[in-house]
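Here is a short report for a reader new to this structure. Look over the sequence and the fold, then read on.

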Amino acid sequence: MDYLLLLAGLVGLFLGGEALVRGSVGIARRMAIPPLLIGLTVVGFGTSTPELLVSVDAAWRGSPDIALGNIVGSNIANILLIIGLSALVWPIKVMGATLKRDTAVMTLAALALVPIFALGDMGRLSGFILFAGLVAYLVWAYVQPGEIVVEEEGIKPPASALISVLWVIGGLVALMAGARFLVDGAVSIARDYGISEAFIGLTIVAVGTSLPELATSLIAAFRRQSEIAIGNIVGSNIFNILGILGVTAMIAPIPVASRFLTFDLPIMIALSLVLTGLLLTQKVIGRGVGVAMLAGYGAYVWAAQG
């Protein structure tokens with residue numbers, strides 16, 4: 001039964017990712033909104049919904065290591081695993097200053113977790129501060145969405161704005177259901193082997209809830225929609241820290257295990273800085289960088305076991 005859940009989850013994630021990319025590109029073109037802003041908001045938040053569901057559920061059930069590991073592990077997987085795979089599919093073009101600005105926001109959000117984690121407990125006040133930061137970021141992104149970039153052809157948008165919205169809604173529903181099925185199956189299988197909750201949260205659950213980002217970014221890479229591919233990851237990482245972690249802490253305060261402050265969070269911050277550096281200095285994230293990222297993720301998973 002657990003393996004059937006895994007299969008159903010993968011199917012739901014693939015179909016949902018296809019629908020979400022198609023609908024979001026249609027909305028961007030018809031409303032003259034930069035595709036990057038769509039990736040940072042509609043797609044970024046939508047694909048972060050599984051993280052929200054899993055983290056809140058874990059916090060309620062008294063599994064804080066899964067709740068935190070899900071967020072930190074998802075952000076690490078987003079950068080190393082998903083951008084790495086996307087770059088292998090098709091080199092990712094770095095377009096405009098807007099993406100670099102939002103990557104800086106992602107890094108600052110990661111750094112904001114240092115004093116919060118150092119307290120040893122994420123209370124409702126910390127959650128509220130993080131969520132307020134998300135609101136400020138969204139207002140800023142709306143007021144200054146950045147330049148409209150001429151896209152490459154490669155994806156046919158839906159026939160109307162209404163159909164585009166329906167594609168997005170249908171895609172989000174499929175992604176949410178697919179992620180839930182996959183995570184339920186994966187966690188059940190992992191616990192049968194006696195793996196710790198922190199490791200489950202940082203790897204199996206994190207990758208499971210990041211599969212919507214993976215599906216969306218890989219499909220966007222196949223379609224050569226570079227802005228959505230990278231914007232989806234940056235937006236998702238911002239939403240994960242400010243929105244998902246903030247909302248989770250407001251609902252159920254989370255005790256922070258020492259390993260997150262001393263090992264996992266520093267790695268997440270370092271990777272955020274590396275990605276910011278790549279976007280500031282490179283015009284394209286090529287296949288060589290993609291291979292290095294995938295190797296780095298393998299090394300992280302190996303080290304995280306300890």
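Which residues are exposed on the other side of α5? They are Leu 125, Ile 129, Tyr 142 and Val 143. Keep in mind that this is a predicted model.

## The chain overall

The protein chain holds 10 helices and 4 strands. Read from the N terminus, its elements follow the order α-α-α-β-α-β-α-α-α-α-β-α-β-α.

The chain has 306 residues, and 54% of them are buried. Now take the contacts between residues at least 6 apart in sequence. Of these, 88% join residues at least 24 apart.

Helix α5 covers residues 124–143, which is 20 residues. At 1.5 Å a residue, α5 should span 28 Å.

The buried residues in α5 are Ser 126, Gly 127, Leu 130, Leu 134, Tyr 137 and Ala 141. Around the axis they cover an arc of only 100°, so they sit on the same side of α5. The exposed residues Leu 125, Ile 129, Tyr 142 and Val 143 are on the other side.

## Where α1 meets α7

Two packed helices are described by the angle between their axes and the distance between the axes. Helix α1 spans residues 2–30, and helix α7 spans residues 197–222. Their axes come within 8 Å. They cross at roughly 50°. α1 and α7 are therefore oblique to each other. Their crossing is right-handed.

Which residues meet here, from α1 and from α7? From α1 come Leu 10, Leu 13, Phe 14, Gly 17, Glu 18, Leu 20 and Val 21. From α7 come Leu 211, Pro 212, Ala 215, Thr 216, Ile 219 and Ala 220.

## Leu 278 in helix α9

Leu 278 lies in helix α9, which runs over residues 258–281. Is Leu 278 buried or exposed? Its relative accessibility is 16%, so Leu 278 counts as buried; the cut-off for buried is under 20%.

What is Leu 278 in contact with, leaving aside its neighbours within four places in sequence? The partners are Val 289 and Met 293. Lys 100 is 178 residues away from Leu 278 along the chain.

Terms used:
Residues are numbered from 1 along each chain as its sequence is written. This is a predicted model: local features need pLDDT of at least 70, side-chain atom pairs count only at pLDDT 80 or more; totals for chains, interfaces and linings use all residues. Side-chain values use heavy atoms; hydrogens and water are left out. Helices (H or I, at least four residues) and strands (E, at least two) are DSSP runs, numbered from the N terminus. The expected span of a helix is 1.5 Å times one less than its number of residues. Buried means under 20% relative accessible area, exposed over 50%, partly exposed in between (1.4 Å probe, protein chains only). The arc is that of the directions from the helix axis to the C-beta atoms. Axes are lines fitted to C-alpha atoms, for helices over the stretch in contact, and angles run from 0 to 180 degrees between N-to-C directions. Angles under 35 degrees count as roughly parallel, over 145 as roughly antiparallel, 65 to 115 as roughly perpendicular and the rest as oblique. A crossing is left-handed if the near helix is turned anticlockwise from the far one by less than a right angle, and right-handed if clockwise. Contact means heavy atoms within 4.5 Å.
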